[in-house]
Amino acid sequence: MVFDATDFSPNPIEQARRQYAGTYIDLTSSNPTTQDLLFPAHILQQAADQYWRQRRYDPHPHGLAPARAALIDYYAQRSPALQLELDDLFITASTSEAYSLLFALLTQPGDNILGPDVTYPLFQYLAELHNIELRTYRLDPAQRWAIDQESLLDAADSRTRAVLLISPHNPTGMVVQQPVASLTQLGLPLICDEVFAPFTVAAPHVPPLGTLHPELAVFHLNGLSKMLALPDLKLGWIALNAAARQYAERLELINDTFLSCSTLIQTMLPTLLTQGAAFQHAMVNQVRLTMDYALAQSKNHPRLQLDRPDGGYYLFPRIANCHDDEALVIDLIAQGVLVYPGFFYDYTEDCRIMLSCLTKPEVFAVGFERLCSALSRV
Ligand SMILES: Cc1ncc(COP(=O)(O)O)c(C=O)c1O
């Protein structure tokens with residue numbers, strides 16, 4: 001169990017990172033505030049001023065009504081639109097917190113939920129904090145990381161309480177674009193993490209999962225961290241489709257227990273969503289251009305096998321002729337470029353690395369060139 005861990009010593013990749021600190025280019029950052037992707041300060045200031053002028057603490061267990069109304073507008077503009085009512089929304093301090101509230105809502109210790117076998121390493125910790133098991137279904141790399149439906153059915157048992165989906169998925173970028181028959185067959189509540197929804201690449205859009213599966217209870221999770229590059233301002237939310245309304249009363253009690261999201265950022269939300277559109281558009285465009293650059297540069301590379309992802313801001317290329325991704329990453333650090341190995345995401349089928357296209361374009365270009373030439377040598 002992760003929370004029984006007693007060994008906190010740095011792993012070999014961290015040791016190499018420390019040894020070569022200052023000499024390598026980092027292609028792993030997911031932090032927009034260190035990559036010059038700074039949400040316009042004047043909009044933040046203007047949005048905050050509204051609160052300081054009429055400051056008042058009057059919390060609501062769902063979150064402030066004007067903030068929820070702004071989120072209703074956001075979902076009405078998605079493709080296809082998801083029609084929501086005010087009581088379908090719960091505002092939290094982050095998406096991670098939203099997961100925790102849903103695990104408390106849907107599970108008892110000893111229950112399990114199903115999640116993808118390749119994954120950003122957050123859910124295992126959350127599951128263990130709630131004393132539940134995270135069982136995995138397979139994402140198939142040969143099918144653009146589509147959900148392997150048989151593995152989904154096989155993973156479920158009598159103590160399975162929900163299925164977790166990430167669309168666009170981190171780090172593969174996979175977007176669920178069609179209904180998934182085995183989800184309907186299981187009939188379980190779905191927790192769908194859409195934090196990368198604005199970042200479409202090969203997929204034309206990211207359908208809110210509730211529009212693909214109106215017959216199932218769907219909890220959509222999102223927040224400002226990725227959407228508007230505001231991880232420091234701490235606002236996330238849960239949006240319930242009509243079939244999930246049966247859970248609203250209990251979720252209200254759970255959210256009311258914490259009321260974690262500050263009134264300041266909730267008051268700012270409507271302004272940030274409307275006035276942040278141009279910034280978001282530019283950020284999404286920059287990520288796409290960086291991906292285009294990487295795809296063009298690596299087109300005929302003998303070892304780096306890269307596909308255009310459906311969405312998200314990561315690349316997860318396969319590295320041919322490699323049998324140990326940890327040794328590869330350590331070697332790459334020594335040669336001046338930091339990437340993450342596939343095993344950080346529980347991917348062990350073959351050798352892959354993760355690159356973040358949130359990286360400043362000029363830095364990405366130098367790092368990617370180093371990566372391509374190092375891989376030709378290694
Ligand atoms: C797929 C996914 N979900 C959730 C989060 C966390 O989001 P938040 O900052 O809203 O907790 C991350 C952060 O990287 C993520 O990659």
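This is a short tour of the structure, stop by stop, for use in a viewer. The model is predicted.

**Stop 1: the two domains**

Colour residues 10-39 and 278-377 as domain 1, then 41-275 as domain 2. Domain 1 is made of two stretches of the chain, 10-39 and 278-377. Taken over C-alpha atoms, the centres of the two domains lie 27 Å apart. Where they meet, domain 1 contributes 27 residues and domain 2 contributes 36 residues.

**Stop 2: the interface**

Keep both colours on. About 2700 Å² is buried between domain 1 and domain 2. Carbon and sulfur atoms give 61% of that area. Now select Phe39, Asp310 and Tyr345. Together they supply 31% of the area that domain 1 buries against domain 2, more than any other three residues.

Next, look for polar groups. There are 14 residue pairs in polar contact across the interface, counting pairs with both residues at pLDDT 80 or more. Helix H12 gives 8 residues to the side of domain 1 that touches domain 2, the largest share. The count of salt bridges between domain 1 and domain 2 is 2.

Select arginine 138 and glutamate 349. Their side chains form a salt bridge, with N to O at 3.0 Å.

**Stop 3: the largest nonpolar core**

In soluble globular proteins, nonpolar side chains tend to be buried together. Here, the largest nonpolar core has 99 residues. Select Leu165, Leu224, Trp237, Leu272 and Leu371, which have the most contacts inside this core. Then show helix H12, residues 277-297. H12 supplies 7 residues of the core, the largest share. Both domains take part: domain 1 and domain 2 each provide at least three residues of this core.

Zoom in on leucine 371. Which residues does leucine 371 touch, leaving out those up to four places away in sequence? They are Leu304, Leu332, Val337, Val339, Ile353 and Leu355.

Another core lies apart from the largest one. It has 29 residues, including Phe90, Ala98, Ile132 and Ala162.

**Stop 4: aspartate 148**

Finish at aspartate 148. It sits in the loop between strand S6 (146-147) and helix H6 (149-155). Why is aspartate 148 classed as partly exposed? Because its relative accessible area is 23%, and the partly exposed class runs between the buried limit, under 20%, and the exposed limit, over 50%.

Show its side chain with the backbone of glutamate 150. The aspartate 148 side chain reaches the backbone nitrogen of glutamate 150 at 3.1 Å.

Note on methods: Residues are numbered from 1 along each chain as its sequence is written. This is a predicted model: local features need pLDDT of at least 70, side-chain atom pairs count only at pLDDT 80 or more; totals for chains, interfaces and linings use all residues. Side-chain values use heavy atoms; hydrogens and water are left out. A nonpolar core is a set of buried Ala, Val, Leu, Ile, Met, Phe, Trp, Tyr and Cys residues joined through side-chain atoms within 4.5 Å. Buried means under 20% relative accessible area, exposed over 50%, partly exposed in between (1.4 Å probe, protein chains only). Helices (H or I, at least four residues) and strands (E, at least two) are DSSP runs, numbered from the N terminus. Domain bounds come from an automatic or database domain assignment. Contact means heavy atoms within 4.5 Å. Buried area is the accessible area (1.4 Å probe) that two parts lose on being put together, summed over both. A salt bridge is a side-chain nitrogen of Lys or Arg within 4 Å of a carboxyl oxygen of Asp or Glu. A polar contact is a pair of N or O atoms within 3.5 Å; within protein, one must be able to donate a hydrogen and the other to accept it, and residues adjacent in sequence count only if both atoms are side-chain atoms.
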